[in-house]
Amino acid sequence: MKQLVIFDLDGTLLNTIDDLGTATNHALRVYGYPEHSLAIYPKLVGDGVTRLIERALPEDARQPETIEKVRNCFKEYYDEHQADLTQPYPGITEMLHELTSLGVKVAVASNKYQAAVVSLIRHYFPDIDWKVIEGQKEGIPTKPDPSIVFEILAKCPTRKAKVLYVGDSGVDMETARRACVDSCGVSWGFRSVRELRDNHADNIADTPADIVAIVKRPGLELDA
């Protein structure tokens, strides 16, 4: 049985896409750039806010100084409106309670900036005993670099064979692979199951209850 489950945030625990898209459109509108349909945003997110803004801007407006000013506008708006439309996916809260009742430790690893990650987790899951909450921080590479997983393991020491990483994108599956921990892709997130399989997901969960079953499944003991 796994002892630590590390969760991605956006598209895995929370459906944040409408608030992310609305905040990005607000920042684009402030600086006179074209806005996008909210339906486009699942393809733009997943690699942090800077990359989101870069992708949302017209190709001829992707200079570093432009990205920075639009990103700052995004953050100012998003900090005030991050919970307007966001909701946990059905069954997520119950799944988290079941895992913790089994004695499984839970943590978060997100490419969203740290302040927003902490705020959202505390808002939507205030009664869950999170062992570590890690978002994007200055000086630490974003996923799929595995540094964020290693940060969590440093704060919550657990054998890698006893760790499960859960996410909704190829970036998440690659993060788990590089960290040498088992991965679980979720089918309800922002990216397709095909993307998860193409990036070598060890497991696919169609419901949050599937995650509990995967955690409880006996596995081969490895010295990792």
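Visitor: Leaving aside its neighbours within four places in sequence, which residues is serine 110 in contact with?
Guide: In this predicted model, serine 110 belongs to strand β4, which covers residues 105–113. Once neighbours within four places in sequence are set aside, the contacts of serine 110 are Asp8, Leu9, Asp10, Val117, Glu134, Gly135, Gln136, Lys143 and Ile148.

Visitor: Is serine 110 buried or exposed, and what is its relative accessible area?
Guide: The cut-off that matters here is 20% relative accessible area, under which a residue counts as buried. Serine 110 falls under that cut-off and is therefore buried, its relative accessible area being 1%.

Visitor: Which backbone nitrogen does the side chain of serine 110 reach?
Guide: Serine 110 lies in strand β4, and its side chain reaches a backbone atom at a distance of 2.9 Å. The atom in question is the backbone nitrogen of lysine 112.

Visitor: Aspartate 8 touches serine 110; where is the place of aspartate 8, and is aspartate 8 buried or exposed?
Guide: Aspartate 8 is placed in the loop that runs between β1 (4–7) and β2 (14–15). Its relative accessibility is 6%, and because buried means under 20%, aspartate 8 counts as buried.

Visitor: With which side chains does the side chain of aspartate 8 make a polar contact?
Guide: Not counting residues up to four places away in sequence, aspartate 8 touches a set of residues that includes Ala109, Ser110, Lys143, Tyr165 and Asp172. Its side chain makes a polar contact at 3.0 Å with the side chain of lysine 143, and another at 2.9 Å with the side chain of threonine 12.

Visitor: Which residues does glutamate 151 touch, not counting residues up to four places away in sequence?
Guide: Glutamate 151 is found in helix α6, made up of residues 147–155, and counts as partly exposed at 31% relative accessibility. With residues up to four places away in sequence not counted, glutamate 151 touches Glu134 and Ile140.

Visitor: With which side chain does the side chain of aspartate 129 make a polar contact?
Guide: Aspartate 129 is placed in the loop between α5 (114–124) and β5 (130–136), and at 47% relative accessibility it counts as partly exposed. Valine 149 is 20 residues away from aspartate 129 in sequence and 18 Å away in space, C-alpha to C-alpha. The polar contact of the aspartate 129 side chain, at 2.9 Å, is with the side chain of lysine 131.

Visitor: What is phi of cysteine 180 and of histidine 200?
Guide: Most residues other than glycine have a negative phi. Cysteine 180 is found in the loop between α7 (170–179) and β7 (182–186) and counts as exposed at 53% relative accessibility, while histidine 200, in the loop between α8 (193–198) and β8 (203–205), counts as exposed at 56%. Neither is a glycine, yet each has a positive phi, about 65 degrees for cysteine 180 and near 65 degrees for histidine 200.

Visitor: How many helices and strands are in the chain, and what is its radius of gyration?
Guide: The chain holds nine helices and eight strands. The globule rule gives 17 Å for 224 residues, and the chain comes close to that value, so it is as compact as a globular protein of that length, with a radius of gyration of 17 Å.

Visitor: What percentage of the contacts in the chain with a separation of 6 or more do residues 24 or more positions apart account for?
Guide: Buried residues make up 50% of the 224 residues, and the C-alpha atoms fill a box of roughly 55 × 30 × 30 Å along the principal axes. Among contacts with a separation of 6 or more, the share that belongs to residues 24 or more positions apart is 66%.

Notes: Residues are numbered from 1 along each chain as its sequence is written. This is a predicted model: local features need pLDDT of at least 70, side-chain atom pairs count only at pLDDT 80 or more; totals for chains, interfaces and linings use all residues. Side-chain values use heavy atoms; hydrogens and water are left out. Helices (H or I, at least four residues) and strands (E, at least two) are DSSP runs, numbered from the N terminus. Buried means under 20% relative accessible area, exposed over 50%, partly exposed in between (1.4 Å probe, protein chains only). A polar contact is a pair of N or O atoms within 3.5 Å; within protein, one must be able to donate a hydrogen and the other to accept it, and residues adjacent in sequence count only if both atoms are side-chain atoms. The radius of gyration is taken over C-alpha atoms; the globule rule is 2.2 Å times the number of residues to the power 0.38. Contact means heavy atoms within 4.5 Å.
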